[in-house]
Amino acid sequence: MMIVAILEDCPLQTASVVKLLEQYGHQAVACADGDQFVAQFRQQRCDAMLLDWEVPGRNGVEVLKWARAKLPSALPILMVTQRDDEEDIVLALEHGADDYLQKPIRERELLARLNAQFRKQQRLGNPEASFEAGGYTFHPEARSVSLPGGKAATLPAREFALATLLFRNLGRILTKDFLSQRIWGQADRKYDASLATYVSNLRSALGLRPRNGMVISTVYNYGYRLERV
């Protein structure tokens with residue numbers, strides 16, 4: 001059973017999705033206001049979020065940003081909205097949405113996409129378990145990294161996901177398609193610029209410089225590799 005948090009201000013839409021989820025054995029917790037939603041899920045656990053964009057209080061993307069900054073990075077978050085402009089879709093994905101569904105909702109598609117996100121989690125194993133690599137210790141639940149020498153860094157969700165992939169694959173070249181697939185859920189070169197920015201941020205935040213013995217190398221037009229020097 002999953003606990004699914006729903007941000008939706010249309011009562012008929014909410015009732016339909018709640019009924020669908022409960023029919024398949026899940027628990028649904030719905031909220032019509034973005035501020036109330038954030039207040040509730042500061043305290044209450046959930047296994048996935050379905051966020052409408054245009055709601056009272058904080059809109060869906062603002063709630064998405066909050067969730068990616070404050071909640072576990074592996075939490076599946078799907079935008080469910082009438083907005084169908086490509087720029088809106090890209091904006092939501094860039095800010096951490098795992099998927100984007102346009103209204104009117106097709107019930108079987110919603111369930112399939114939600115289940116696909118949970119299957120992805122299962123294939124990745126336990127993403128919230130701490131691990132050590134190259135002298136760095138990762139704490140996924142807090143999205144923090146303990147650096148050699150005792151300092152620590154807290155990273156935004158997608159930068160933490162990228163750092164995790166690089167450190168779990170120390171010495172291996174990871175293609176841009178592989179990274180975008182794992183971080184955004186789809187292999188698309190539109191994410192190349194974001195990857196380059198995240199790599200630059202990681203070099204600074206984690207001290208990945210030759211003088212510290214660890215670097216991220218760029219493999220021109222192909223991908224990245226974390227390696228010892």
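This is a predicted model: local features need pLDDT of at least 70, side-chain atom pairs count only at pLDDT 80 or more; totals for chains, interfaces and linings use all residues.
Figure 1. The strands β10 and β12 pair in the antiparallel sense, and three bridges join them. The sheet is open, its three strands follow the order β10-β12-β11, and the pairing is antiparallel. Strands β10 (173-175) and β11 stand at the edges with a single partner strand each, so one side of each is left without a neighbour in the sheet. From one strand to the next, the twist averages 25 degrees.

Figure 2. Helix α6 lies across β10, β11 and β12, and runs at about 60 degrees to β12. Helix α8, for its part, lies across β11 and β12, and its direction is at about 160 degrees to that of β11.

**Figure 3. Helix α8 has its buried residues along one face.** Helix α8 comprises 14 residues (residues 192-205), which at 1.5 Å a residue should span 20 Å, and the distance of 20 Å between its end C-alpha atoms agrees with this. The buried residues of α8 are Asp-192, Ser-194, Leu-195, Tyr-198, Val-199 and Leu-202. When the helix is seen down its axis, these buried residues fall within an arc of 155 degrees, so they line one face of α8. On the other side of α8, Ala-193 and Ser-204 are exposed. Among the elements that cover the buried residues of α8 are the helices α4 (86-94), α6 (157-168) and α7 (176-184), together with the strands β11 (214-219) and β12 (223-228). Just after the helix, Gly-207 adopts a positive phi of about 65 degrees.

Figure 4. Arg-158 has its place in helix α6, and with a relative accessibility of 10% it counts as buried. When neighbours within four places in sequence are left aside, Arg-158 is in contact with Leu-93, Glu-94, His-95, Gly-96, Ala-97, Ile-183, Trp-184 and Tyr-198. One of these contacts, Tyr-198, is itself among the buried residues of α8. The C-alpha atoms of Arg-158 and Pro-76 are separated by 13 Å, although these two residues are 82 residues apart along the chain.

Figure 5. Strand β6 (residues 131-133) and β7 pair in the antiparallel sense over three bridges, and Ala-133 stands opposite Tyr-136 in β7. Two residues lie between the strands in the hairpin of β6 and β7, where Gly-134 takes a positive phi near 60 degrees. Strand β7 also pairs with strand β8 (residues 144-146), again in the antiparallel sense and over three bridges, and here the bridge partner of Thr-137 is Ser-146 in β8. The hairpin of β7 and β8 has four residues between the strands, and in this hairpin Arg-143 takes a positive phi near 55 degrees. Within β7 itself (residues 136-139), Tyr-136 and Phe-138 make up the covered face, whereas Thr-137 and His-139 belong to the uncovered one.

**Figure 6. Leu-20 is a buried residue of helix α1.** Leu-20 is found in helix α1 (residues 11-23), and its relative accessibility of 5% counts it as buried. Apart from residues up to four places away in sequence, Leu-20 touches Glu-107, Leu-110 and Leu-111. The C-alpha atoms of Leu-20 and Ser-200 are separated by 43 Å, the two residues being 180 residues apart along the chain.

**Figure 7. Cys-10 and Cys-46 have sulfur atoms too far from that of Cys-31 for a bond.** With a disulfide taken as a pair of cysteine sulfur atoms within 2.5 Å, the count comes to zero disulfides. For the sulfur of Cys-10, the closest cysteine sulfur is that of Cys-31, at 15 Å, which is too far for a bond. The closest cysteine sulfur to that of Cys-46 is likewise in Cys-31, and the distance of 12 Å is too far for a bond. Cys-10 is partly exposed, with a relative accessible area of 31%, whereas Cys-46, at 11% relative accessibility, counts as buried.

Note on methods:
Residues are numbered from 1 along each chain as its sequence is written. Side-chain values use heavy atoms; hydrogens and water are left out. The expected span of a helix is 1.5 Å times one less than its number of residues. Buried means under 20% relative accessible area, exposed over 50%, partly exposed in between (1.4 Å probe, protein chains only). The arc is that of the directions from the helix axis to the C-beta atoms. Contact means heavy atoms within 4.5 Å. Two strands pair if DSSP finds at least two bridges between them. Axes are lines fitted to C-alpha atoms, for helices over the stretch in contact, and angles run from 0 to 180 degrees between N-to-C directions.
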